[in-house]
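The sequence and model are shown first.

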Amino acid sequence: MALFEVGIMVGAIFFTSALTTATGGGGGSLLLALMLQFMPPAAAIPIHGAVQLVANGWRIWLLRENMLWPIILRFGVPMPFGIAAGLWLFQGLPKEWVQALIGSFILITLATQGLKALRNRELPIWAFVPAGVVVGALNIVIGVVGPVLSTLLVGRGLTRQSIVSTTSVFSFLGHFMKIVGFALIGFNFVDYAWSITAMLPSIVFGTYVGRYFLGRISDKIFKNILRVLLGGLAVKLVVWDGMKGGIL
């Protein structure tokens, strides 16, 4: 990545780290969509995973008192099986298909978040076992599943802090296993080491800012802005990149 592009990513990571900590999700999707403007999916997805691993790890430490371990264990143990399936699927997909798939996923997530029936339906605790497999596969193929993870916890009568911290554990597990998986199939993270290192301070400060706003401000404005940004970037990925690749 060029110095100018890294600078844009540093600012974006500060915003998305604060956004995710303050609202419980969405920042990862926005960050990946932005990364795809500067690098191909084969590089953007593993690099995004490395950055998000640090971001979620720091968020977990700051909100460690609010973990929901019964759900975390049921979700995390079967996730490696989904990661393995996702790696198999990812290697056979053309660049344009992956970009269109990511854009479609973002649009579908935005649409389903507005359905009251889905927002208020409580997922039984046993369902987190198969969900770990499915989300593990999606995390490899799509690169980010934060909005899906958040919806799994909605309706369980949890505090906002518990949802944010537990979702961060889900994401941390997924990104860690994803990094291991990409390393095993030959992706060289060392080539991007300086870019990742330059982004780390933004993760720390952005998470602190997000924790400050958590519980102090309504996330309505955040979510409205996020929907507009995500929607525009997703349409570009599906329509522009999809048409360029000849899949539409």
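Does Arg227 count as buried, exposed or partly exposed, and what is its relative accessibility? Arg227 counts as partly exposed, at 36% relative accessibility. The classes are buried, under 20% relative accessible area, exposed, over 50%, and partly exposed in between, with a 1.4 Å probe and protein chains only.

## Basis of the model

The structure is a predicted model, in which local features need pLDDT of at least 70 and side-chain atom pairs count only at pLDDT 80 or more, while totals for chains, interfaces and linings use all residues. Residues are numbered from 1 along each chain as its sequence is written, and side-chain values use heavy atoms, with hydrogens and water left out.

## Overall fold

The protein chain has 12 helices and 0 strands. Helices (H or I, at least four residues) and strands (E, at least two) are DSSP runs, numbered from the N terminus. Along the sequence the pattern reads α-α-α-α-α-α-α-α-α-α-α-α.

Of the 248 residues in the chain, 50% count as buried. Among contacts between residues at least 6 apart in sequence, 84% join residues at least 24 apart; contact means heavy atoms within 4.5 Å.

Helix α10 covers residues 160-184, and its 25 residues should span 36 Å at 1.5 Å a residue. The end C-alpha atoms of α10 are 36 Å apart, which agrees. The expected span is 1.5 Å times one less than the number of residues. After α10 comes Gly186, with a positive phi near 110°.

Helix α11 (residues 193-213) has 21 residues and reaches 31 Å from first C-alpha to last, close to the 30 Å expected. At Met199 the helix has a kink of about 25°, shortly before the proline Pro201. The bend at a residue is the angle between axes fitted to the seven residues ending there and the seven starting there. Met199 is also buried, as are Ser195, Ile196, Ser202, Ile203, Gly206, Thr207 and Gly210 of α11.

## Packing of α3 against α11

Two packed helices are described by the angle between their axes and the distance between the axes. For α3 (residues 41-62) and α11, the axes come within 10 Å and cross at roughly 35°. Axes are lines fitted to C-alpha atoms, for helices over the stretch in contact, and angles run from 0 to 180 degrees between N-to-C directions.

From α3, the contact involves Ile47, Ala50, Val51, Val54, Ala55, Trp58, Arg59 and Leu62. From α11, it involves Ile196, Met199, Leu200, Ile203, Val204, Thr207, Tyr208 and Arg211. These residues divide into 13 nonpolar, 1 polar and 2 charged. Ala, Val, Leu, Ile, Met, Phe, Trp, Tyr, Cys and Pro count as nonpolar, Asp, Glu, Lys and Arg as charged, and the others, Gly among them, as polar.

## Selected residues in helix α12

Asp241 is placed in helix α12 (residues 220-244). Asp241 is buried because its relative accessible area is 3%. Not counting residues up to four places away in sequence, Asp241 touches Glu96, Gln99 and Lys236. The C-alpha atoms of Asp241 and Glu96 are separated by 6.1 Å, although the two residues are 145 residues apart along the chain.

Arg227 also has its place in α12. Arg227 and Leu30 are 197 residues apart in sequence, with 9.5 Å between their C-alpha atoms.

## Selected residues elsewhere

Trp88 lies in helix α5 (residues 79-90) and counts as exposed because its relative accessibility is 67%. Trp88 and Ala137 are 49 residues apart in sequence and 9.2 Å apart, C-alpha to C-alpha.

Thr159 is in the loop between α9 (146-153) and α10. Thr159 has a relative accessible area of 41%, so it is partly exposed. Thr159 and Asn66 are 93 residues apart in sequence and 8.7 Å apart in space, C-alpha to C-alpha.
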